[in-house]
Every structure is written in structure tokens, then in C-alpha cells.
Amino acid sequence: MLSEALLVSAPGKVILHGEHAVVHGKVALAVALNLRTFLRLQPHDGGKVGLNLPNIGIKQTWDVARLQLLDTSFLEQGDGTAITPEQVEKLKEVAGFREDSANHRQLAVLTFLYLYLSICRKHRALPSLDIVVWSELPTGAGLGSSAAYSVCLAAALLTACEEIPNPLKDKEPVGRWTEEDLELINKWAFQGERVIHGNPSGVDNAVSTWGGALRYQQGKISSLKRPPALKILLTNTKIPRSTKTLVAGVQSRLLKYPGIVAPLLTSIDAISMECEHVLGEMAAAPAPEHYLVLEELIDMNQHHLNALGVGHASLDRLCQVARAHGLHSKLTGAGGGGCGITLLRPDLEGPEVEATKQELTRDGFDCWETSIGAPGVSIHSASSLDAAVRQALDGL
């Protein structure tokens, strides 16, 4: 067991193109979002294990000795297979939760316990440690916050328990794990996502682990050549929506108008593939005309998504404000509200972006100026982190 503190971060994700079409076997492009989740793991010898999640108001500790006495054989069947409802019930007992259905705060605790007990129980004694996780990502906005949480936990616990080496070299600000170690981190993060979501696709944790951009189609995930980080404005309309209802709405429209909707899905597929081609060219030599193509693809896809019935007045407003400032936006994720992305060309003047942000904020939206194509899970020296992040992790 390592004795030093570990500082780990992992990115969120946005769908660049292919949302909804992906349900019907088409290509989707998912990209790492440089709003990150940060974790600090502090080993100690106090006989306790603590979890502090300030974003959602959770602070819990357990006696290591009590956890040590538990029969954790129920976790053995979880290696690589879907976690069963029986395992979740047993984890609830460990956590001290009642039988009723788990909410997102409880699921965050259960995910931690699952990963801590599963990864650390191979040691003779469970380690005493404190974990603090703080995130720049809003929860429940379709931005992969739960996957970033699971990836950070998996990377930190595997490193602390010396299942994988600490890649941070002396005096280096940031370290990244080898491909083989990333595979193991991703495997465990996917198990964490299964605790939270039951039957996730695996895209969110893969994007958070590897970063950059990924292509997803019919269960197959592959990395794209790392494109340059693209600057975006991410806007959260804060309009709640049900992904399940929106997916069902597209399905019923497809059944009702197959001759109209099927070509729309094929066209969205072509947009994703064209975008993949452009990003590939940009990885070699980005040029101004690439941004013009990306903007056209954004506009066409947004119109298609509206035709599928997953638009919303709040997203129309986002597109309208962006267009007034010469910018191009589309929804990302399920639609019906939620989040949208606006591409920021490199030649854009700062005041223009600021004016757009101010107008969207006045409409009651939350805005972040950030980038996509961000690095995946990373380990940091304390001095390399922003003061605000260090302060959040110190619980000040």
C-alpha cells in the first residue's frame, strides 16, 4: 500500500454527433470534455475509511476493522460481469442504507464501497484512507459525471493498492498510465458505472479513461486519432428531461413515418462520419476551413435532431443567441432541454464570446468556456492543480 497522497482527475464527455441515431445502429462520436472531476486519496493508519463528496453533501466514514470482518465473497462474481441486484442489496447493508430504492447520492456511496472492497480486499488488511472527490461537472446533465467519478476512484484505488504503478515522475506536473494500466482502470470504472446505471454502454467511462475522441457503433468502441482540443461554449439549459421518453419518441416517429425518419438517421450517420474524417485531417494539420465544415455539420445535425422531435424552445434560444454572434450550436445528448455545445473558432475575439455568455446567462442558462478532446484520466502533483481545486479537495 502506498503511503503518499494521490491526486487524480478525469474528464467528462459530450456527444459531438450521433445522439439518438446511435440507438438505431448508427455511428456516434463522443469527446472528452475538459470540465474535470478531481480526487484526493490520503492513506493513514487511523483504522477508518472516509468518503467526502462535497458537491452532493456526502461525508461518511466506516471502521476498517468492521469492514474487514464482512464476508465479501459476494463480490467475487462481480469481476467482469454485471453487478446483480443481490450484490447491490448487500452493499446497501454495508453502507447502512435502508431497503428502499437507491437515489443518486446513495449510488455514489455504493460505487465507492464496491470499488474499495473489490480492489483492496486482495490485500491481507483493508487500508485506512480518506477520499475526497470534487467535480467541475454538473450532475445529471448527461456530461458523464458518474463515469468520471468511477474512473477517478478506480485509478486511485488501483494505484494506492499497487495493482498498477504510480506514473507520476519526480518534479513532473502530470502523469498518465500505460495502455495496459488504462485497460484495467477502464474495466473497474465500468463496474462502478454498472452499480450506478445497471446496464451502461461503456462509452462514458471509456472517454473519461482515454480522453480525446471515440467512435461508438453497436457496442464497438474505438479511439480516433487525437484531434487538437477544440474550444467550445457548453451551455446547460437546466431544463430537466427524460432520456427514456425522448428515445421512445424517436422510435414511435420512426414507426409512424419510416420513409421520412430512416433517411434522417442515415444522414446523421453520414454527418458523424464526415466529422470523423475532418477531425482526422485536423489531427495532422488543422486549417481554418476545417472549422467551417465543423460549423456546417453542427447546423445540419441540429436541424435533423429537431426533425426527430428532440429539440426544445430552450435549445432553439441557445442556437438563436449563438447565431446572432456568428456562432453555431447544437444539442448534445438526449435533447429536450439539457445541454448544448457551441463551437468557438480560434480566430474569435474574446469580447464576442463574453457577450454570448452574458446573453445566455441572462436567459437563465449556465455557461462554461471549455474544450473538447481533453486528456483522459491523469495523476497530478499538488503544485500543478489550480488553487480553487486544491481548496475544494482540502475541504476549505
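Colleague: Is strand 9 mostly buried or exposed?
Modeller: In this predicted model, strand 9 covers residues 230-236, and six of its seven residues are buried, so the strand is largely enclosed by the rest of the structure.

Colleague: Which strands does strand 9 pair with?
Modeller: Strand 9 pairs with strand 12, residues 366-372, in the antiparallel sense over seven bridges, and it is also joined by five bridges to strand 11, residues 339-343, again running antiparallel.

Colleague: And what stands opposite Asn-236 in those strands?
Modeller: In strand 12 the bridge partner of Asn-236 is Asp-366, while in strand 11 Asn-236 stands opposite Cys-339.

Colleague: Which elements give two or more residues to the lining of the largest cavity?
Modeller: Those elements are strand 1, which spans residues 6-17, strand 9, helix 9, which spans residues 288-307, and strand 11. The lining residues include Leu-16, His-17, Leu-230, Ile-232, Leu-294, Ile-298, Ile-341 and Leu-343.

Colleague: What classes of residue make up that lining of the largest cavity?
Modeller: Sorted by class, the lining of the largest cavity has nine nonpolar residues, one polar residue and no charged residues.

Colleague: And what lines the second largest cavity?
Modeller: The second largest cavity is lined by Leu-16, Val-31, Ala-213, Pro-227, Pro-228, Leu-230, Leu-279, Ile-372 and Gly-373, and these residues divide into eight nonpolar, one polar and no charged. Leu-16, Leu-230 and Ile-372 are also found in the lining of the largest cavity.

Colleague: New topic: where is Ile-83 found?
Modeller: Ile-83 lies in the loop between helix 1, residues 64-69, and helix 2, residues 85-95.

Colleague: Is Ile-83 buried or exposed there?
Modeller: Ile-83 is buried, because its relative accessible area is 11%, and the cut-off for calling a residue buried is under 20%.

Colleague: Which residues does Ile-83 touch?
Modeller: Leaving aside residues up to four places away in sequence, Ile-83 touches Val-88, Leu-91, Tyr-114, Arg-194 and Val-195.

Colleague: How many residues apart along the chain are Ile-83 and Val-195?
Modeller: Ile-83 and Val-195 are 112 residues apart along the chain, yet their C-alpha atoms are separated by 6.5 Å in the model.

How values were computed
Residues are numbered from 1 along each chain as its sequence is written. This is a predicted model: local features need pLDDT of at least 70, side-chain atom pairs count only at pLDDT 80 or more; totals for chains, interfaces and linings use all residues. Side-chain values use heavy atoms; hydrogens and water are left out. Buried means under 20% relative accessible area, exposed over 50%, partly exposed in between (1.4 Å probe, protein chains only). Helices (H or I, at least four residues) and strands (E, at least two) are DSSP runs, numbered from the N terminus. Two strands pair if DSSP finds at least two bridges between them. Contact means heavy atoms within 4.5 Å. On a 1 Å grid over the protein atoms alone, a cavity is a set of points where a 1.4 Å probe fits but cannot get out, and a pocket is an open set with protein on both sides within 12 Å along at least five of seven lines; lining residues have an atom within 4 Å of a point. Ala, Val, Leu, Ile, Met, Phe, Trp, Tyr, Cys and Pro count as nonpolar, Asp, Glu, Lys and Arg as charged, and the others, Gly among them, as polar.
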